[in-house]
Each structure stands twice: as structure tokens, then as C-alpha cells.
Amino acid sequence: MKFQRGLSLNGMVLIGVALGMVALLAMKAVPPWIEYGNALKAIKGTAGDNSLKDATVAQVRAAYGRRADMDDVKSMPPADIEITKEGGELVITFAYSKKVPLFGNASLVFDFEGSSAK
């Protein structure tokens with residue numbers, strides 16, 4: 001006697017719901033990480049710019065603002081970056097939180113921080 005094998009309708013529905021929840025989580029969680037990567041790239045690019053070695057804080061913020069606009073960084077405005085000099089090198093640090101609503105009253109909260117120091 002052969003046994004039937006396969007997936008029942010209930011099994012397919014449960015798998016579909018699970019895959020839908022994973023897809024929702026991925027669609028909501030990936031954009032903040034991409035924006036963090038773009039912010040980090042803009043920070044490192046600004047700190048590595050040789051023309052800004054003797055620049056004022058306002059000039060460094062403006063240079064970061066231009067790079068952030070090109071990379072579409074909205075969560076990290078130029079006013080929120082910290083600019084210091086360590087050993088003659090320009091060091092830019094930042095930290096921010098991003099709250100991403102999922103559904104109902106459930107949200108994801110990401111705490112990002114980064115620095116141009118190597």
C-alpha cells in the first residue's frame with residue numbers, strides 16, 4: 001500500500017503566512033540598514049577628503065550635507081554629526097535611532113552609530 005505524500009491546504013496556508021511575515025520584516029528592516037551604510041560611506045568620504053584637513057566645522061558639515069544628499073541620507077542631518085581632530089586626522093562620529101513601524105503597535109527600533117576612525 002502506498003502512502004500519500006504532499007502538502008495539505010492548511011500547511012500551504014501556514015507556510016504562506018510565515019513567508020509573508022518574513023517578507024514584511026525584510027521590506028521594513030532592510031531600508032534603514034541601507035541608509036546607515038550610505039551615511040557611513042558619506043562620513044568616511046567626508047573625513048577622507050584632503051581639502052577639508054584645515055576646514056572649519058561649518059565647512060565640514062556642509063561637505064557632509066552635500067554627500068548625504070547625493071546618497072539620500074535623511075536620518076542623519078549635518079547638525080547631528082560630531083567633528084573632532086585626532087592626531088591631525090579629521091574624525092567624524094554619529095549616532096541615531098530609527099523606529100520602523102511594522103503593524104498595529106509593533107515596531108522595530110534600530111540604534112545606529114558609526115565613526116570615520118579606522
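Reader: Which residue is the bridge partner of Tyr96 in β3?

Author: Two strands count as paired if DSSP finds at least two bridges between them, and strands (E, at least two residues) and helices (H or I, at least four) are DSSP runs numbered from the N terminus. In this predicted model, the bridge partner of Tyr96 in β3 is Phe112, and ten bridges join β2 to β3, which run antiparallel. The hairpin of β2 and β3 has two residues between the strands, and there Gly104 takes a positive phi near 55°.

Reader: How many bridges pair β1 with β2?

Author: Strand β1, residues 82–86, pairs with β2 in the antiparallel sense over five bridges, and Glu86 has Glu89 of β2 as its bridge partner. In this hairpin, with two residues between the strands, Gly87 takes a positive phi near 65°.

Reader: Which residues touch the most other members of the largest nonpolar core?

Author: A nonpolar core is a set of buried Ala, Val, Leu, Ile, Met, Phe, Trp, Tyr and Cys residues joined through side-chain atoms within 4.5 Å, where buried means under 20% relative accessible area (1.4 Å probe, protein chains only). The largest such core has 23 residues, of which Tyr64, Met76, Ile81, Ile92 and Phe94 touch the most other members. The elements that give two or more residues to this core are α1 (9–47), α2 (57–70), β2 (89–103) and β3 (106–115), and α1 gives the most, with seven residues.

Reader: Which residues does Phe94 touch?

Author: With contact taken as heavy atoms within 4.5 Å, and not counting residues up to four places away in sequence, Phe94 touches residues including Tyr36, Leu40, Met76, Ile81 and Phe112.

Author: Residues are numbered from 1 along each chain as its sequence is written, and side-chain values use heavy atoms, with hydrogens and water left out. Local features need pLDDT of at least 70 and side-chain atom pairs count only at pLDDT 80 or more, while totals for chains, interfaces and linings use all residues.

Definitions and conventions
Buried means under 20% relative accessible area, exposed over 50%, partly exposed in between (1.4 Å probe, protein chains only).
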